[in-house]
Amino acid sequence: MAPEEKASVQTLWRKFEENEIRIRAVHFRRGIFFGGIFMVAGTTLDYFVYPELVPAFLLNRIITFGLLLLGLIPLALSDSTRVIRLMGHWVVSLPMIAIGWMIYDTGDSESPYYAGLNLVLVGASLILRWRFSDSVINAAICLFGYIAMVSFMQGDPSMEGDPSILFNNAYFIGVTAVFSCAGTYFYNQLRFREFCLRSELDANQKVLEEKTEMLEEQTLALEKNNAKLQALDEAKTRFFANISHELRTPLTLILGPVENLKNMPSLQSDPKVRDTLSTLSDNGLRLLRLINDLLDLVRLDTGDIPLRPENFNLVNFLDQLGNSLRPMAEAQQISLKVDSNLPHHPVQFHDRDQLEKIILNLSINALKFTPAGGRVALGFVEEEEHFLLTVSDTGKGMTEDELGNIFERFWQADASSRRKARGTGIGLALVQSLAEKLEGTIDVTSKPNVGTTFTLRFPIRPPQDSPAEEIKKIEAGTAKQTLPEEEEIRREEDEFDALHAKARLEAAKPEQHQTARASEQNMPVRKGGDQATVLVVDDESGMRQFIASQLEDYHLLQASDGRQGWELARQHIPDLIVLDLMMPEMDGMEVCRLLRDDPKTARIPIVLVTAHAGDAPRLEAILAGVNDFLTKPFSSVELQARIKNLLLTAKFERDLAISNTSLSQALEQLQENEEELVRAEKLSSLGRMSAGIVHEINNPLNYAKTSVHILKTYTDILPEDEREDYADTLVDLEDGVERVINIVSDLRAFTRGDETTRHLLPLYKVLENTRRLLANDLGEINFSCEIPEELELVGNDNQLCQAFVNLIQNALIAIANRDDPSIQITAEASPGEGILVEVKDNGVGIPPETQAKIFDPFFTTRDVGEGMGLGLSLTLRIIEEHGGKIHVESEPDHGAKFSIYFPPAH
């Protein structure tokens, strides 16, 4: 059992005991009552069994009854657990003592009164509700008390009885005691489980009552909130209706004059004015269409959009819509097919205007999401008492999850900032509402990358309220193209209705992106001069043209989406980028991150143009690396001021970076010169020191050379068999002395900077001489030298030998404590590229912090007296004097490799 469960059980048991103690007090009173009654009633048993003892036993029974009644006093005065438990023992002990006294008076173990003890145990266990421990105590007192009393009686000669009777009676008392204890235990467990269940039930009941009360409060709060929401929704609906109507009127009055200005011949000749008027008209129509859709939704919610059915020819109606949509489809290179053959019911009595909104919305969506080369088909089919209008396309399609949400208001399949199609999510919600208004239904089927089909089902309604001749004219398509009188009155309420019809079709008009290639041709990239280059990246041509018109003092590049803008930025490295946030292919955030990750474009200032006014998009843009923001709508003065400030700041940063680079280069050059001066000074000191040393060495070398010459004269006095070895030894000794003389001479010339004799040398001979000089030191070391014989270089034999001696001696020190020491020397050559010699060992390696210092004069890691730190410094100078380079590669405990490059021999 877990500690938490154990603690919970203990808590419940404690509560159970607290509850039981009060119940036991009641049962103890009942026990006193029953015990007293049956003790007195036992006088009848005395009368028949032991009539001669009736007076004595009656007194015993009355005293016992009185003492039992005295137990009621503590039970009435105290509710202490200890007092109540004591009274429980009191209730049982008095009858057992009284019965024991009567057994004693009746003579021996054969007394039948032993059965009274069994009755006391059974009755107490049933009535008193003892604890199990109390039951065990009382049962033990009863059993052992009876055995002790009878045993005492057996010791009295006048009261001897049959031992078998004693065992019989004791057995039955013991069995009764066991049953009494077991019954008490199981009865307590049963009551405890009952108590637990009752406690859990009470707790659940309490929780249920609390939750019910909470639910009632929440229900009341929800009812209040619902009432508030309904009131708020009604207020919102009224607000949208009012604001849409108020916006619609001035916008219509703006678009009318703009259309008039566009038709003026004097203004059409100015391309700049013509482009500005086109931008005003296109965006005004776009805004008008959005306002109209929003107003229609509000009217549908309020029921304020009554149907105005009329008789019209469905075939001609659909053909006219197809003709209106076909230029847009051709501009997007999409095939548009219209099939409207209705032989049975061509003339219908429906709301032409609402049906037109449904078809245009579905067709516009199909054109919007169908790529170039795709197909869009519109068709009418009669099916029993309904028409089926289908609008199908071969666009990108939708998934099952998207299909479940397409008729939700303001929902869009692509809600990201990089979506390709513009929209607010109103169109299809309006289509569904209008379909229900026409008593029809709208269904959709779609498969990703296959296409989408919308199906509008609405009832067939025969023509009404028109003469038969007029209906025939409508069927034949020769009816007068005028509207009924009531329709004329409705149209007169909005004198600019043609603008609203044009606004509906404007949504299907493809976005005329001005490609970057065209902008490059019209506005070439800066080749020099003071003008800065600004890259404008926006997917809406109107916005790009507006920004470009405000930046005539700069060279301009333009891009119609994020990916194109990123590629132009990498190609031309503009001085500043004006970047829109929401674009297809890549949004502004992603383009900004890519630009900041590229070292070439990382410092370009970026102005992010966004319609989001909140702090979260601004914080994300700052983290992406944006320098400044322009929140739509913005003024041209603000645009020009921000761009000017950023360009000035960028120019200052560029100048500062150039100055910083120049200073860094100068500092590096000074550090290199300082190192060269220190090294030259150290070598100059070495030269002055070595000049004296060389002078002192020459005298003992001359003595050694003279001694070798004298030793040659002793060849004749040696035995014949020793002369050859003796002569070879002298040759080697003379050669060594001669080589030391040459090395000392070259060292003197080297330290003084004197020119030394150089000639064409086979590299393998240089390394062979090196090996011979170090033959004793190499000893058992695994030494390999693989040098092609054809490799030759121009140099001084002694100096090069000294350089390799220094390298190999350093390697010998590094491998001194290795189990399998090895030194390997290899060389290779490439045509026209010189010779590369590598000296490798498997020694202790060189720590990274030491590698940069090993060629410095007098630098050593050895103990004092074990080296002067000149070997590798002299090696470096010898190799550089020969036009070569040396490089070291090493890792601690993985050996070292010295790579020496010698130029080609010329």
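In this predicted model, Gly379 stands opposite Thr390 of strand β5. The pairing to which these residues belong joins β4 and β5 (residues 386-393), which run in the antiparallel sense over eight bridges. Strands of a sheet pair through backbone hydrogen bonds, in either a parallel or an antiparallel manner.

Both strands belong to an open sheet of five strands with the order β2-β4-β5-β7-β6 and mixed pairing. Its edges are formed by β2 (335-339) and β6 (441-447), each of which pairs on one side only. From one strand to the next, the twist averages 15°.

Two helices pack on this sheet. Helix α11 (residues 314-331) touches β2, β4 and β5, and its direction makes about 180° with that of β2. Helix α12, in turn, touches β4, β5, β6 and β7 (451-459), and its direction makes about 25° with that of β5.

The loop between α12 (352-368) and β4 (375-383) contains Thr370. Is this residue buried or exposed? Thr370 has a relative accessible area of 6%, and because the limit for burial is under 20%, Thr370 counts as buried. Its side chain reaches back to the backbone oxygen of Ala366 at 2.5 Å. Leaving aside residues up to four places away in sequence, Thr370 touches Ile334, Arg375, Val376, Asp393, Thr394 and Gly395.

A further helix, α20 (residues 562-572), has Gly562, Gly565, Trp566, Leu568 and Ala569 as its buried residues. These residues lie on the same side of α20 because they cover an arc of only 165° around the axis. Just after α20, Ile573 takes a positive phi of about 50°.

Another strand pairing involves β13 (residues 759-762) and β15, which pair in the antiparallel sense over four bridges. Within this pairing, Leu761 has Leu793 of β15 as its bridge partner. Which residues of β15 form the covered face, and which the uncovered one? In this strand (residues 792-795), Leu793 and Gly795 make up the covered face, whereas Glu792 and Val794 make up the uncovered one. In a regular strand, side chains alternate between the two faces of the sheet.

Terms used: Residues numbered from 1 in each chain as written. Predicted model: local features only at pLDDT ≥ 70, side-chain atom pairs only at ≥ 80, totals over all residues. Heavy atoms only, no water. Buried < 20%, exposed > 50% of the residue type's maximum accessible area, 1.4 Å probe, protein only. Polar contact = N/O pair within 3.5 Å; in protein donor to acceptor, adjacent residues only side chain to side chain. Contact = heavy atoms within 4.5 Å. Pairing = 2+ DSSP bridges. Arc of directions from axis to C-beta. Axes fitted to C-alpha atoms, helices over the stretch in contact; angles between N-to-C directions.
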